[in-house]
Amino acid sequence: MSDNTTSKTQPMRIVVTGSAGKLGRCLVRALQADGHMVRGYDKEPGGEETVVGDLINYNLVHQVCQGAHAICHCGAIPGYNGDDISMFGTNIRGTFNVFLAAARGQVRKVVFASSLAILLDKGLGDPLPLEYLPMDERHPPRCQDIYGSTKLFGEELGRVYAVQHGMSVICLRPHHIIYREPDAFTEPVGEGNVACWDVVEAFRLALATDRRYGVYNITGKDWTHITAALAAEELGYKPRW
Ligand SMILES: NC(=O)c1ccc[n+]([C@@H]2O[C@H](COP(=O)([O-])OP(=O)(O)OC[C@H]3O[C@@H](n4cnc5c(N)ncnc54)[C@H](O)[C@@H]3O)[C@@H](O)[C@H]2O)c1
């Protein structure tokens, strides 16, 4: 992997949930290359450092998070799958379990993979009009399905845990992530997309920041509909593609 990164931190013990997934695998690889001790957690087997378990199993989540400095919470059902009950279990109950385990285990930082599904209009005749463009993080939420609403719940739950337990919670909102090896990104990813390695860099920046709480849109270079200006200003995020 090309290592044109800006945001390495001191070595930490980091738990990555969803480590067998597409983003999780990129993140584990990048964080290990940065010198961190990474432990994965996923219901599917992944690399040798992955503990196989379900996010809805609180006891196991708690065990895995013990002694961690930070958690990158990527485990989720990553889009509306038509099954509201499994979505509720994994994305809401599972996210709650991660924040609870972080608080009880005195983990100082959680980076939450949220989503721009909170803001996007799928043309379903939303009665709430778009208020302005480009949309930033202050734009009122416009979730179009239960998936978006689970991410909104996670952001708000994270804020509550940051306030009540003094941990740092950073919520990153990518939209459609394009997964390729770094060398295969030869041009900007285009409106509506973001390169996986830009998302990974946003996670690195989120791990490095001292901010207590933040919600950030994470877009590719050319996005005009939604702006990542706040991530640029507060985290130093600069998409490469
Ligand atoms: N892919 C995108 O375009 C996109 C965009 C915005 C946000 N996100 C978010 O980024 C994160 C990673 O997405 P991805 O593209 O890598 O998806 P993915 O499906 O490849 O990875 C998700 C991982 O979570 C694991 N998982 C699902 N349910 C689980 C459970 N109950 N217990 C334990 N593990 C479970 C899966 O096994 C999988 O490995 C998700 O939180 C997703 O909502 C993704």
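At what angle do H3 and H4 pack, and how far apart are their axes? The angle is about 15 degrees, and the axes are 10 Å apart. The report returns to this pair below.

## The model

This is a predicted model: local features need pLDDT of at least 70, side-chain atom pairs count only at pLDDT 80 or more, and totals for chains, interfaces and linings use all residues. Residues are numbered from 1 along each chain as its sequence is written.

## Overall build

The protein has 6 helices and 9 strands. These are DSSP runs, numbered from the N terminus: helices are H or I with at least four residues, strands are E with at least two. Along the principal axes, the C-alpha trace spans about 45 × 40 × 30 Å.

## H3 and H4

Two packed helices are described by the angle between their axes and the distance between the axes. Axes here are lines fitted to C-alpha atoms, for helices over the stretch in contact, and angles run from 0 to 180 degrees between N-to-C directions. H3 and H4 pack at about 15 degrees. That makes H3 roughly parallel to H4. Angles under 35 degrees count as roughly parallel, over 145 as roughly antiparallel, 65 to 115 as roughly perpendicular and the rest as oblique.

The crossing of H3 and H4 is right-handed. A crossing is right-handed if the near helix is turned clockwise from the far one by less than a right angle, and left-handed if anticlockwise. Residues of H3 that meet H4 include Met87, Phe96 and Phe99, while those of H4 include Phe153, Leu157 and Tyr161. Contact means that C-beta atoms, placed from the backbone, lie within 7 Å. By class, this contact has 11 nonpolar, 6 polar and 1 charged residues. Ala, Val, Leu, Ile, Met, Phe, Trp, Tyr, Cys and Pro count as nonpolar, Asp, Glu, Lys and Arg as charged, and the others, Gly among them, as polar.

H1 and H5 (residues 196-208) have axes that come within 10 Å and cross at roughly 60 degrees. That makes H1 oblique to H5. From H1, Leu23, Cys26, Leu27 and Ala30 meet Cys196, Trp197, Val199, Val200 and Phe203 of H5. By class, the contact has 9 nonpolar, no polar and no charged residues.

H2 (residues 58-65) and H3 (residues 84-104) come within 9 Å, axis to axis, and cross at roughly 45 degrees. They are therefore oblique to each other. H2 passes H3 in a right-handed crossing.

## Around the ligand

Which of the 25 residues around the ligand come nearest? They are Gly18, Gly21, Leu23, Ala76 and Pro78. A residue is near if its C-beta atom, placed from the backbone, lies within 6 Å. H1 gives the largest share of the shell, 3 residues. The shell divides into 11 nonpolar, 9 polar and 5 charged residues.

## Two backbone exceptions

Most residues other than glycine have a negative phi, and most peptide bonds are trans. Gln106 is not a glycine, yet has a positive phi of about 55 degrees. Gln106 is found in the loop between H3 and S5. A cis peptide bond joins Leu133 and Pro134, with omega about -10 degrees. Pro134 is found in the loop between S5 (109-113) and H4 (146-165).

Technical notes. Two residues are in contact if their C-beta atoms, placed from the backbone, lie within 7 Å.
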